[in-house]
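Work through the exercises below with the sequence and coordinates open. Each task is followed by a stepwise solution.

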Amino acid sequence: MRIRVGVFFGGQSVEHEVSIISALQAIPMFDADKYEVVPVYMARDGGMYVGEADIEAYRDIPALVARSRRVAPVSEGGRFRLYLWPPGGLARFFKGGRALEIDVAFPIVHGTNVEDGALQGWFKTMGVPFVGSGVVASAVGMDKYATKAMLKSAGIPALDCRLVLAKPFFADADAEMEALDSDFPVVVKPVNLGSSIGISVAGSRAELRDALSYAFRFTNSAIVERAVQPLREINCAVLGDRDGVEASECEEPIGSGALLSYEDKYVVKGGGKGKGSAELSAKGMGAAKRRLPADLSPDARETVRDLACRAFRALGCSGVARVDFLMDADGTAWVNEVNTIPGSLAYYLWEAVGMPFPVLLDRLVDLALKREREEASLSYSFETSILRGAHLASQ
Ligand SMILES: Nc1ncnc2c1ncn2[C@@H]1O[C@H](COP(=O)(O)OP(=O)(O)O)[C@@H](O)[C@H]1O
Ligand SMILES: [Mg+2]
């Protein structure tokens, strides 16, 4: 019997489209002898559909949704099933049954509401095994401030930062700015977004004020940290769980190093958010070419790979994550972020160490099933007689 994998993608996230691309890259790569893949497209309105696996179909999403089978996920008798919704005419859609039963959920989603533990918590509630990090690691990975706190407590180098909240800032910007007094330039980032959204560089107090106002358009909390200049960025993926991890090849997104110094090329002047502040171009970042493998000495490469594994473990990640580093001119590597569902599942970093995409997917499903077996052996009920003698005060 083949394992039926539900690949969940889309979702109510600003990275909805990126997720569609990542998922459609992965779907044809599953070993067809072993897996039957059901694409589950989560539309922006919250509806779930048995989607199509062809990118062309997503160029006109309203048309896709109109012709697709909408499903209602149900947990019954310990099984996770997708029923056609609204009910009626079921036989027409699902061959040999009223519902599609999913053995393993495979979220390929990016950003808030989906990658941040929300979807993972829902899978847990529904009782379906799922691929990747659990609720806590996913939530921490999405929160730049919490990530730093976890990394630092594990002795892993991460840049110091200050947390700024929108309410006190808008109530008394001067007082907040006073507390932030620091050397410039600094980088201001929303705590919980991705794809460089809401991020800017500030070279002075006036720019810092603008940068914070800009970030607070997207979030209620932001961090301020030293801008690394000149900057090199190095990324390394990690695969595994608490019982063992391995690191991939390292990549260097090129162009990003010039991001801060070649403002005209890589930095978009933000419309209407005040003179002097600058927005990093999300498109520029996404389109950035990479050097793979990164140009690192064998020692530096090993240091980065080791730190990546330690960061993965510190957050309690599972499955595949990509750990991104900022590197100072003297070669000091700072862990910048941990992407618990990396774009394209970082398959190219695994191919570079000889692991083909289908093998990566296989390993990920295995890890999910392993976690399920381990959790199944834990007891989730604790016999008590509390209800027998219980009376509510009002009765
Ligand atoms: N402290 C910093 N110094 C210099 N550049 C930075 C710094 N922090 C972020 N950047 C630049 O901004 C980009 C996006 O920041 P990042 O922290 O990775 O957030 P996101 O979650 O949006 O990817 C980075 O890839 C890097 O180019
Ligand atoms: Mg990033």
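The model is predicted: local features need pLDDT of at least 70, side-chain atom pairs count only at pLDDT 80 or more, and totals for chains, interfaces and linings use all residues. Residues are numbered from 1 along each chain as its sequence is written, chains are lettered from A and ligands numbered from 1 in the order in which they are written, and side-chain values use heavy atoms, with hydrogens and water left out.

**Exercise 1. Describe the chain as a whole.**

Step 1. Assign secondary structure from DSSP runs, numbered from the N terminus (helices: H or I, at least four residues; strands: E, at least two). The chain has 14 helices and 18 strands.

Step 2. Classify burial by relative accessible area: buried is under 20%, exposed over 50%, partly exposed in between (1.4 Å probe, protein chains only). Of the 395 residues, 49% count as buried.

Step 3. Compute the accessible area (Shrake-Rupley method, 1.4 Å probe; for residues, only the protein chains shown count as cover). The chain exposes about 18900 Å², and carbon and sulfur atoms supply 53% of it.

Step 4. Take contacts as heavy atoms within 4.5 Å. Among contacts with a separation of 6 or more, 65% come from residues 24 or more positions apart.

**Exercise 2. Which residues are closest to ligand 1, and which elements give two or more residues to its shell?**

Step 1. Collect residues with a heavy atom within 4 Å of the ligand. There are 22, the closest being Lys-144, Lys-189, Ser-196, Glu-233 and Glu-337.

Step 2. Sort them by class: Ala, Val, Leu, Ile, Met, Phe, Trp, Tyr, Cys and Pro are nonpolar, Asp, Glu, Lys and Arg charged, and the others, Gly among them, polar. The shell has 12 nonpolar, 4 polar and 6 charged residues.

Step 3. List polar contacts with the ligand (N or O pairs within 3.5 Å). A ligand oxygen is 2.7 Å from a side-chain N or O atom of Lys-189. An oxygen of ligand 1 is 2.6 Å from a polar backbone atom of Ser-196, and a nitrogen of ligand 1 is 2.8 Å from a polar backbone atom of Arg-226.

Step 4. On its own, ligand 1 has 540 Å² of accessible area, of which the protein covers 95%. The elements giving two or more residues to the shell are β9 (186-190), β11 (221-226) and β18 (333-339).

**Exercise 3. Which residues of α4 are buried, and what covers them?**

Step 1. In α4 (residues 118-126), the buried residues are Leu-119, Gln-120, Gly-121, Phe-123 and Met-126.

Step 2. Their cover includes β1 (3-10), β4 (69-76) and α5 (135-142).

Step 3. Just after α4, Gly-127 has a positive phi of about 75 degrees.

**Exercise 4. Characterise two salt bridges.**

Step 1. Count side-chain nitrogens of Lys or Arg within 4 Å of a carboxyl oxygen of Asp or Glu. The structure holds 28 salt bridges.

Step 2. Asp-362 pairs with Lys-34, with the closest N and O atoms 2.9 Å apart. Asp-362 lies in α14 (residues 357-376) and Lys-34 in the loop between α1 (16-26) and β2, 328 residues apart. Asp-362 is partly exposed at 22%, and Lys-34 is partly exposed at 31%.

Step 3. Arg-232 pairs with Glu-252 at 2.7 Å between the closest N and O atoms. Arg-232 is in β12 (residues 232-241) and Glu-252 in β13 (residues 244-254), so the pair ties together parts 20 residues apart in sequence. Arg-232 is partly exposed at 28%, whereas Glu-252 is buried at 7%.

Methods: Polar contact = N/O pair within 3.5 Å; in protein donor to acceptor, adjacent residues only side chain to side chain.
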